[in-house]
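Please look through the sequence and the structure below.

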Amino acid sequence: MRTKRIFVFFVLEMVLIFQTAFCYEGQKFHFVVSDAWILNDSVKQEQLYFKNRNKLINIQKRYALMGGDDVGNGGDNLRKKFILESEKILEELNHVLEKYDVDKLKGILDIKYIKVMEELQICQNNTCIHTPHAVAEGMIFLDKNAWGSLNGILNNGTDYRNLLIYLMVKSVGKNISMDEANFHYSELGPLRKKGSYTPYCDMRIISQKVEKIPRALSIHRHKTDGDKAKKIAMDECQNKKLRGCYISDSGYDGFLKWTSYYAQATGYEFISSVKTEKEIRFNKCEKLKQCENLFENAPLGQIKSKDFRILDSMIEENCL
């Protein structure tokens, strides 16, 4: 049954890659940008927003204009727990995390660099997505409800140490994927608590997708200077607020006094749309398979057999 399930998943994956990764639109190709592009990459503070008195406020502007610290009402206790648990990890995995500079990792565990916000959101190209956490310019931002509520990451029987590793390393500007963080997590000892603590597994399913569409603009000419033709083309691309502008074609034609130079610029437009049910199902299946791998590599004795059975039934339900 397991072999059959993996084969079917592989077929579904191949089909959906061609259906969702590349889409044909008239005579132009565009591709769908994955959720990770928005959620998992380091972002700038100008992309982060939070709610205050039912108003969406930019984090960067708030710090510049108002100063102050993060939210109260449990925010300080949440941050304290985050710091204490992270310090334990650094002590246990000191030799493993040396390549990320342990001193820098210890330095980030300070109230100056860890902020707790209400309804944390990442906004990109007019699309805002709620996120439980974000790393921006050497700081870690945590959503208060996602981390500190009764069912939050710190309180729901989850072993979230893999996530702490990931956020710490990202915050000091080192490259690390969640898979790498999970690998380091597997070298930790099991939590010495009663019960089964399943590792943190990101099951966020984003209903929106962002499509990156190339737009080739009109050809611009200049009678005597190729560089000026390129500048005119690039100016047009930037004035149209396209991103990633570059000269996609340039040269000259004619001869002698009839020679003229030309240049064409191409930029990208990002369009947000809603995923189909098929795309959402595929995303869920992908994440469940990642969770399965994480469960298998969790610290020895960390997970009970019933949790494996629950995960296995979810995979069969969503991947077949």
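Helices (H or I, at least four residues) and strands (E, at least two) are DSSP runs, numbered from the N terminus. The model is a predicted one, in which local features need pLDDT of at least 70 and side-chain atom pairs count only at pLDDT 80 or more, while totals for chains, interfaces and linings use all residues. Residues are numbered from 1 along each chain as its sequence is written, and side-chain values use heavy atoms, with hydrogens and water left out.

Start with the interior. A residue is buried under 20% relative accessible area, exposed over 50%, and partly exposed in between (1.4 Å probe, protein chains only). A nonpolar core is a set of buried Ala, Val, Leu, Ile, Met, Phe, Trp, Tyr and Cys residues joined through side-chain atoms within 4.5 Å. The largest such core has 46 residues, and Phe82, Leu97, Trp147, Ile165 and Leu167 are those with the most contacts inside it. Among the elements that give two or more residues to this core are helix 4 (75-92), helix 7 (161-171) and helix 10 (277-296). Helix 7 gives the most, with 7 residues. Contact means heavy atoms within 4.5 Å. Leaving aside residues up to four places away in sequence, Phe82 touches Leu109, Ile114, Ile140, Leu142, Trp147, Leu164 and Leu167.

Now turn to the charged pairs. Side chains of opposite charge can pair when their charged atoms come close. A salt bridge is a side-chain nitrogen of Lys or Arg within 4 Å of a carboxyl oxygen of Asp or Glu, and by this rule the count comes to 8 salt bridges. One of them joins Lys289 and Glu292 (3.3 Å, N to O). Lys289 and Glu292 are 3 residues apart in helix 10, so about one helical turn separates them. Lys289 is buried, because its relative accessible area is 17%, and Glu292 counts as buried at 9% relative accessibility. Arg161 forms a salt bridge with Asp159, with the closest N and O atoms 2.8 Å apart. Both Arg161 and Asp159 are buried.
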